[in-house]
Amino acid sequence: VEKYFSITTGSHTFLKTKFHYNNGLSVVHNSGVYLEHTSEDYALKSPYYKNMNGELNNSIKLYSNRFLNDKLLEISSQFARKSGLYWGGLGAFPIDTISNFIGNLFNIKANLKQLPNAKFLKSINLELYSFANNYGREELCLSSSLDFELEKALRKYSFSLSYNVINTSLSADWISLNSVSINPQISSALQKDAMSDMVFKSKLLISGTKFIDYTVGLDAQYYSLTDLNVYTEVSDIAYLIFPTVKIFKNIPNNQRIEFLIQKDFKYHSFTSIFDNISYLDPYYRNSIENEIQVSLMYNSDFSENSSLFATVKYNVLKNKLMPFLVSSETEYGSLFAQNTGLMHPLSFYASDFNGIVATSSLSFSKNQYDFLISGTVNMLSSSEHVDRNMLPLIELNSMLTVNLFENLDISSYAYFLSEREALRIPSLLSSNSNLTYVPLESYVNLNLSMKYTFQNMIFSLDFKNLLGQRIEFFDGYYDDDRFKFRLGFLYNF
């Protein structure tokens, strides 16, 4: 088990440090601590942010894995803090006039796993997390799940249960919107004092072999989203009962074909989105996406050194979240211009999509090099956004790693995303719902990395965005830093 310290620094005052320490190999337990700090375009004195997209992230994690006869108990706790600016479309304004976001997350996880395959109860999982931001939002979630498995008469019987309760409170005392109606397709909680959500899922599966390998079963899911304020209590309730079918067949020459049908409720909490899109609307209303998927997959190992994977999916998506910028030009968007500064967050608009998504990857591996290329063609469309490229048509990834000498590796990474369009909404109100669109340009992000290993030390040099491209993430949010470099050092002890 690795114990290490690493530090990486580079342009735009980038700094990333990691520290991991544990008790080493043991038949009783494996316990340790993990610390991480990341900052970019951030200073130690006001104004703290040296650039619009500056950020500061810190986290500490404690964990212990204990071996209890025929069981494994995994316990961990983590505290993480993430901060930055709501700067979308505000590039012409001084940095010290823009509002910041701060998110604090604390969670505790406990997982109990049965090690022998003969046991009926496979695992018990519990998680409690608490999230709070600097705009009065507090989110408390309790998640639990049970997994059972039994093998009998050449069949495997699996049963799983999960239950999630999420309670959210808001302190938006400066907002008074009792006389207006927010567009219901906008995932907004501006008129809410609190929210209480519940998601329950169960799945029964039977797996076996009879001419073909198969897994068939039944999904039963239920959710309840309840909005609370001093005047009313409104609930959105739905359930699904849907078959799950998975059929796969191994064919000669190391080939495999797989067919899958399934349906699922996907719950998008503020905390789960904040991890990737930190500048989202602090009054976002947690939401449910409904997905039906029919897919056909093919996998082939041409040789020991090469393989091909391909899948074609037909998806039906209900209430898929589409980001849009809440700016000063948005009616009632001025609510986000607080005394502390300007504020242009990302909010979400729910739309329905359906269509085909095709994905393929090809890999080669030799003694001195590894190569992987993958691509996705997305043909999802929406009757609400006719002839609009709301999602990128083409997405490509490639990676090439070459071992030049015994201790020196050079890797290149390339990513291409085709053009798409971002949604613009003139008003948060139902009475003014005319939609407009703005193009987001395609880009190629090419990176080069060199790594040299000497005894228990690793030295690295990274070049980011070699082509100097402007990388557009969302309307108003982009990376315009162009070329960047990183110097890294890691010490194993």
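Author: Start with Asn107, which sits in strand E6, residues 100-114. Strands, labelled E, are DSSP runs of at least two residues, numbered from the N terminus. Before going on, note that the model is predicted: local features need pLDDT of at least 70, side-chain atom pairs count only at pLDDT 80 or more, and totals for chains, interfaces and linings use all residues. Residues are numbered from 1 along each chain as its sequence is written, and side-chain values use heavy atoms, with hydrogens and water left out.

Asn107 counts as buried because its relative accessibility is 8%. Buried means under 20% relative accessible area, exposed means over 50%, and partly exposed lies in between (1.4 Å probe, protein chains only). The side chain of Asn107 makes a polar contact of 3.4 Å with the side chain of Glu127. A polar contact is a pair of N or O atoms within 3.5 Å; within protein, one must be able to donate a hydrogen and the other to accept it, and residues adjacent in sequence count only if both atoms are side-chain atoms. Now set aside the neighbours within four places in sequence. Asn107 then contacts Ser76, Ser77 and Gln78, as well as Glu127, Leu128 and Tyr129. Contact here means heavy atoms within 4.5 Å.

Next comes a residue in another strand. Leu325 belongs to strand E15, residues 306-325. Leu325 is buried because its relative accessibility is 11%. Skip residues up to four places away in sequence, and Leu325 still touches several others, including Gly88, Gly89, Thr330 and His344. Leu423 and Tyr477 are also among its contacts. Tyr413 is 88 residues from Leu325 in sequence, and their C-alpha atoms are 30 Å apart in space.

E15 also takes part in a surface feature. Both E15 and strand E18 (394-405) supply at least two residues each to a nonpolar patch. That patch covers about 640 Å² and is made by Val312, Tyr314, Ile356, Val377, Met379, Leu393, Ile394 and Leu396. Patch residues have over 30% relative accessible area and no salt bridge; nonpolar side chains (Val, Leu, Ile, Met, Phe, Trp, Tyr) are joined within 5 Å, and like charges within 9 Å. The areas come from the Shrake-Rupley method with a 1.4 Å probe, and for residues only the protein chains shown count as cover. Leu396 lies in E18. Its relative accessible area is 39%, so Leu396 is partly exposed.

Thr401, however, is buried, because its relative accessible area is 18%. In a regular strand, side chains alternate between the two faces of the sheet. The side chains of Thr401 and Ser411 make a polar contact of 3.0 Å. Beyond four places in sequence, Thr401 contacts Gln368, Tyr369, Asp370, Ile410 and Ser411.

What pairs with E18? Strand E19, residues 408-417, runs antiparallel to E18 over ten bridges. Strands pair if DSSP finds at least two bridges between them. A hairpin of two residues joins E18 to E19. Phe405 stands opposite Leu408 in E19. E19 also pairs with strand E22, residues 443-454, again antiparallel and over ten bridges. There, Leu417 has Tyr443 of E22 as its bridge partner.

Last, look at the charges. The structure holds 20 salt bridges. Each is a side-chain nitrogen of Lys or Arg within 4 Å of a carboxyl oxygen of Asp or Glu. One of them joins Glu291 and Lys266, with the closest N and O atoms 2.7 Å apart. Glu291 lies in strand E14 (residues 287-303) and Lys266 in strand E13 (residues 255-268), so this pair ties together parts 25 residues apart in sequence. Glu291 is buried at 10% relative accessibility, whereas Lys266 is partly exposed at 32%. Another salt bridge links Lys156 to Glu149, at 3.9 Å between the closest N and O atoms. Lys156 is partly exposed, at 30%. A further one brings Arg482 and Asp480 together at 2.9 Å, N to O. Arg482 is partly exposed at 36%, and so is Asp480 at 33%. Salt bridges with shared partners also join Glu40, Asp479, Asp481, Lys484 and Arg486 into one network.

How values were computed:
Helices (H or I, at least four residues) and strands (E, at least two) are DSSP runs, numbered from the N terminus.
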